[in-house]
Amino acid sequence: MILLSIMPRLPPDVWFIVAAWGVILGGLALYAAALLRRIAARRALAGTRPMDDEPPGGRE
Amino acid sequence: MGTRILGVGALLLVVAASVNGLFLVPADLNQGDAQRIMYVHVPSAWLAYLSFGVTALAGVGYLWKRDLRLDAVALSAAEIGVMFTAFAIWSGMMWGQPVWGVFWQWEDPRLTTTALLLALYVGYLLFRRLTDDPRRRAARAAVVGLVAAVDIPIVHFSVEWWRGLHQGPTIGSPERLLDPAAPSQFVIALVSMVLAFTVAWAWLMVRRYQLARLDADLEELARRGRVAEARRAGLAAQRVEEATR
C-alpha cells in the first residue's frame with residue numbers, strides 16, 4: 001500500500017533506473033548465489049563418489 | 001579465506017558505490033536522473049571487454065601450453081562476459097528510451113556490434129558442449145574464442161569509425177581521463193562503480209574457475225568409472241565365453 005501511494009509521485013525516469021539497476025544488481029546477486037550453490041553441490045558429489053572398483057549400481 | 005575477503009570487499013564496494021551513484025551524486029542537467037543508469041552501464045561494458053579479452057588470452061595460452069586450467073579460465077571469463085554484455089545491453093536500452101526516445105536502433109553500429117558480441121559468445125558457450133573430449137573441446141574453443149575476440153575492438157571503435165546514435169567515449173583515452181568531458185562528481189561516481197564492479201568480477205572469476213575445475217574433476221572421474229565398468233563388462237563377457245567353450 002505504501003509503495004502504491006508513492007508510485008505515481010515518482011518521476012517516469014525512475015522506473016528505467018529501477019529496471020536497469022535492479023536487473024544488474026539482482027542478476028549479480030543471483031549469479032553469485034548460484035555459483036556458491038553449484039560449487040557446494042559439486043564438492044558434495046566429489047566427496048561421495050563411487051569408487052572405481054565398486055560394482056555398477058553401488059554396494060549393498 | 002582470501003576469496004572470502006575478496007567477496008566481502010566486493011560486496012561493500014558495490015553497496016557504497018551504488019549508494020553514491022543512486023542517491024548522493026546530483027542528477028545531470030540535460031539527462032536528469034536517467035544519467036544514473038550510466039553508473040552500471042559503463043562498468044558492465046568494460047567488464048564484458050575484459051572478460052572476452054581474458055577468454056582470448058587464455059585460449060592462446062591453452063594452444064601454447066596445452067594446460068586445461070587455462071581452458072577453465074577461458075570458460076569462466078566467457079560465461080561472466082556474456083552476463084555483463086547482457087547487462088550492458090539491457091541498461092543501455094533502459095537509458096536509451098528516456099534520453100533518445102527509443103530502446104533500440106539496429107542502424108546504430110555500437111548497438112548492433114554489441115548484439116553480435118553477445119551472440120558470438122553465447123555461440124562460444126554452446127560450441128563447447130559439442131564434444132565430451134576435454135582436450136579437443138579446449139583447442140576448438142580457443143580458436144572460436146580468438147575469432148570472436150575480433151569483434152571487441154570493432155565494438156569499441158564503432159562510435160569513432162561510423163556515425164550512429166551512440167555518443168563517443170566520455171573517458172576513452174588517457175587524455176580524456178585527465179580532462180574528462182563530464183563534471184568530476186560524475187567521473188568519481190563512475191570510476192568508483194567501475195572499480196567496485198571489477199573487484200566483484202575478480203571474485204566471480206575465482207568462484208567460476210573453482211566450479212570449472214570441479215566439473216573437470218568430476219568429468220574425469222565419470223570417464224574413469226565408465227572405463228572401469230567397460231573393463232569389468234569385458235572381463236565378464238570373456239569369462240562367460242570361456243565357460244561356454
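Which element gives the largest share of the lining of the second largest pocket? That share, 10 residues, comes from H8(B).

## Basis of the model

This is a predicted model, in which local features need pLDDT of at least 70 and side-chain atom pairs count only at pLDDT 80 or more, while totals for chains, interfaces and linings use all residues. Residues are numbered from 1 along each chain as its sequence is written, chains are lettered from A and ligands numbered from 1 in the order in which they are written, and side-chain values use heavy atoms, with hydrogens and water left out.

## The interface of chains A and B

Chain B brings 39 residues to the contact and chain A brings 26 residues (contact means heavy atoms within 4.5 Å). The rule finds 1 salt bridge across this interface (a side-chain nitrogen of Lys or Arg within 4 Å of a carboxyl oxygen of Asp or Glu). A:Arg42 forms a salt bridge with B:Asp215, their closest N and O atoms being 2.5 Å apart.

On the side of chain B that touches chain A, H8(B) gives the most, with 17 residues (helices are DSSP runs of H or I, at least four residues, numbered from the N terminus). By class, that side has 23 nonpolar, 7 polar and 9 charged residues (Ala, Val, Leu, Ile, Met, Phe, Trp, Tyr, Cys and Pro count as nonpolar, Asp, Glu, Lys and Arg as charged, and the others, Gly among them, as polar).

## The second largest pocket

The lining of the second largest pocket comprises 25 residues; B:Asp215 is among those that lie nearest its centre, as are B:Arg128 and B:Glu219 (on a 1 Å grid over the protein atoms alone, a pocket is an open set of points where a 1.4 Å probe fits, with protein on both sides within 12 Å along at least five of seven lines, and lining residues have an atom within 4 Å of a point). The lining divides into 9 nonpolar, 1 polar and 15 charged residues.

Conventions. Helix = DSSP H or I, 4+ residues; strand = E, 2+ residues; numbered from the N terminus.
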